[in-house]
Amino acid sequence: MKRVVAFFAFFWTIFFAVVAQTEPTITQYMFHNSAFNPAAVGENEMVQLSGLHRISWVGTQNAGQTSVFQANAPFKLFGAEQGVGIKFKDDRAGLFYYQAIYLQYAFRKAVAGGTLSFGVDLGFLNAGFHGDSIVMPTIGTYHNKEGDVFLQMGSASGTIFDGGIGVFYDANKFYAGVSYLNATSPTVIWTDKNSYKIIGTAYFTGGYRYRFINPLFELTPSVLVMTNFTVVQLEISSLLSYNDKLRAGLSYRWGNALGIILGLTILDGLSVGYAYDVPLSPISSWGSHEISAKYEFSLGKRVRAKHKSIRIL
């Protein structure tokens, strides 16, 4: 009975319009700053190719999957340091899906011993709904499916322009950033009676690198706040690395999950990572799995500083 009530409550909410926060949760956020802040492209003066795939709440039907793929690089033009990149996202949950592609640009300037960057995301997103997959429970005459304009819509999708902005500061021992994605609050029109409104999402992030007396060990605490100004998600993490090759740590998403993060540098510039989220909320699930990979290399005469960035996976 509870499932039936929840089912109708859900569709009553989106009867005429769907309002959604489309930005996905990422446990390994500290290694993918440019995924949620365009000002972070080219942040460590290396060409970066990265990918991440997340399977959320295994064991819960249609809980969702998220994929993020990126490529970005620094460049210098007219004596100014800049960064450029491309980002692709695919997020699926329940009967809804969201795909987007963005071009990213950042202008970088040396400030107070660090680098201050201003960036933008410009691209297109496609939001869709698999209406032909709806299975309605039989509850006598309580609900008239034939009179529900949303359930009669069937499958639908639409594409619209979208953008985001960000500011990022990267110093030798710490970094901090703020960004606002889906800044245009776009609305995808499905029919004359149904639409999909996307709420903007703000991110606040920061991290610090602490080198022990034994320089082979390094501790990197970080924090990420994600909000659509109605709901706030806070995540606090801390990683311990050895010789810049092995990494392990914990992440706590407030009231939601405890994350275990592992990382390994396989070859020079090539790293892989894995995160497992243990659910802390009352949800029937075996947890979430997240895998990532990143390859970094230099072009021309750029030389990589061994400890330039505390976010290199």
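**Figure 1. K87 over the ring of Y102 in the predicted model.** K87 lies over the face of Y102. The distance from the ring centre is 5.0 Å.

**Figure 2. The stacked pair F36 and Y203.** The structure holds 9 aromatic pairs, and this view shows one of them. A pair of aromatic rings is described by the distance of the centres and the angle of the planes. For F36 and Y203 the centres are 4.9 Å apart and the planes stand at 25°, which is under 30 degrees, so the pair counts as stacked. F36 belongs to the loop between β1 (17–20) and β2 (47–55), while Y203 belongs to strand β11 (residues 201–208); the pair therefore ties together parts that are 167 residues apart in sequence. F36 has a relative accessibility of 4% and so counts as buried. Y203 is also buried, with a relative accessible area of 4%.

**Figure 3. The stacked pair F168 and Y175.** Here the ring centres lie 5.7 Å apart, and the planes are at 25°, so this pair is stacked as well. Both residues are buried: F168 has a relative accessible area of 2%, and Y175 has one of 3%.

**Figure 4. The largest nonpolar core.** This core has 19 residues, and those with the most contacts inside it are M30, F36, Y203 and I261. Two or more residues come from each of β8 (174–181) and β13 (217–227). Leaving aside residues up to four places away in sequence, F36 touches Y29, S179, L181, Y203, T205 and L224.

Note on methods. Residues are numbered from 1 along each chain as its sequence is written. This is a predicted model: local features need pLDDT of at least 70, side-chain atom pairs count only at pLDDT 80 or more; totals for chains, interfaces and linings use all residues. Side-chain values use heavy atoms; hydrogens and water are left out. Rings of Phe, Tyr and Trp (its six-membered ring) pair if their centres lie within 6.5 Å; planes under 30 degrees apart count as stacked, over 60 as edge-to-face and the rest as tilted. Helices (H or I, at least four residues) and strands (E, at least two) are DSSP runs, numbered from the N terminus. Buried means under 20% relative accessible area, exposed over 50%, partly exposed in between (1.4 Å probe, protein chains only). A charge sits over a ring if NZ of Lys or CZ of Arg is within 6 Å of the ring centre and within 35 degrees of the ring normal. A nonpolar core is a set of buried Ala, Val, Leu, Ile, Met, Phe, Trp, Tyr and Cys residues joined through side-chain atoms within 4.5 Å. Contact means heavy atoms within 4.5 Å.
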